[in-house]
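Work through the exercises below with the model open. Try each task before reading its solution.

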Amino acid sequence: MNILLELFVVTFKVLWAFVLAAAKWLVRPKEKSVAGQVCLITGAGSGLGRLFALEFARRRALLVLWDINTRSNEETAGMVRHIYRQLAEAAPRAGDDGEKEAPPHGNLQVYTYTCDVGKRENVYTTAERVRKEVGEVSVLVNNAGVVSGHHLLECPDELIERTMMVNCHAHFWTTKAFLPKMLEMNHGHIVTVASSLGLFSTAGVEDYCASKFGAVGFHESLSHELKAAEKDGIKTTLVCPYLVDTGMFRGCRIRKEIEPFLPPLKPEYCVKQAMRAILTDQPMICTPRLMYMVTFMKSILPFEAVVCMYRFLGADKCMYPFIAQRKQATNNNEAKNGI
């Protein structure tokens, strides 16, 4: 094709993409059904992972829960089973109202697996068990995450490696385990729960930022690879929330005058926004929407201008109180144990 003609076509497609994006702001897309589909969530024992599990359970998905903590993972499973029971009890009433028939509630089950996603062989072994005991995974939610809470020069090498393994490398292992069948069926959805700190950084959490930047890069490259292979039946969603009030970054503070306008996100709100994006096949979701603007400004402004903005917002050292609390807690534990 003549390059000028091709340029015209590309320009039209770009403009049309803007039109479609604007239309989605005005007309909310219909949410797809995940009823009866196998949904695997890593880090399901607490925080966002637990809330994702409950939201998918309410939509009648079959849940596979992975977590390194067996007890908390079983607690999440108990909550999921309670939702399944409620759905089963409400089923006759739903039928009386003439609603569309859903998959049999007796087939709704939750499976728990103790898995350290930071260990490659553990991931592959557990994935094989899932395929044999449950079936092929249709929705993969890479959610597991850790934070060391140390300044770079005070952070032990093993903690840096642990952060990278769980927050970034694990996405490679889980995706390699379940993507082949998705490709064969041309059906599936891969969700990467990253962070706003995977789009822009701050001081004091170099390992965490690097791991989340890595997760974002992995997700974007994977999305392009699926497009290049014309596997349009496999969807991807990147979730980049601002600070979420789960306790993971307890003590993190921005400038006190700014805090009322940019408070930590409620976990329930964050997950509901993410679920809406997943179920409407939205490629990326940043919460709050202000994060889109911050990312854009970071991309176009000189570095020194970004530093000025960070200092004004109190974002340049926002992690320092959190790191100080973690250090104090560590010292208290060492003193208590006589170390």
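The exercises go from the whole chain to single residues.

This is a predicted model: local features need pLDDT of at least 70, side-chain atom pairs count only at pLDDT 80 or more, and totals for chains, interfaces and linings use all residues. Residues are numbered from 1 along each chain as its sequence is written, and side-chain values use heavy atoms, with hydrogens and water left out.

**Exercise 1. Overall form**

Task: Compare the radius of gyration of the chain with that of a compact globule.

Solution: 
- Take the radius over C-alpha atoms; the globule rule is 2.2 Å times the number of residues to the power 0.38.
- For 339 residues, the rule puts a compact globule near 20 Å.
- The chain has 22 Å, which agrees.
- For the extents, go to the principal axes: the C-alpha trace spans about 65 × 55 × 40 Å.

**Exercise 2. Elements and contacts**

Task: Count the helices and strands, then find what share of the contacts joins residues at least 24 apart.

Solution: 
- The chain has 10 helices and 7 strands.
- A contact means heavy atoms within 4.5 Å.
- Keep pairs at least 6 apart in sequence; 73% of these contacts join residues at least 24 apart.

**Exercise 3. The cores**

Task: Which residues of the largest nonpolar core touch the most other members?

Solution: 
- Buried means under 20% relative accessible area, exposed over 50%, partly exposed in between (1.4 Å probe, protein chains only).
- By that rule, 43% of the 339 residues are buried.
- A nonpolar core joins buried Ala, Val, Leu, Ile, Met, Phe, Trp, Tyr and Cys residues through side-chain atoms within 4.5 Å.
- The largest core has 62 residues; Ile41, Phe52, Phe56, Leu63, Trp66 and Phe178 touch the most other members.
- A second, separate core of 28 residues includes Tyr208, Val216, Val306 and Phe322.

Definitions and conventions. Helix = DSSP H or I, 4+ residues; strand = E, 2+ residues; numbered from the N terminus.
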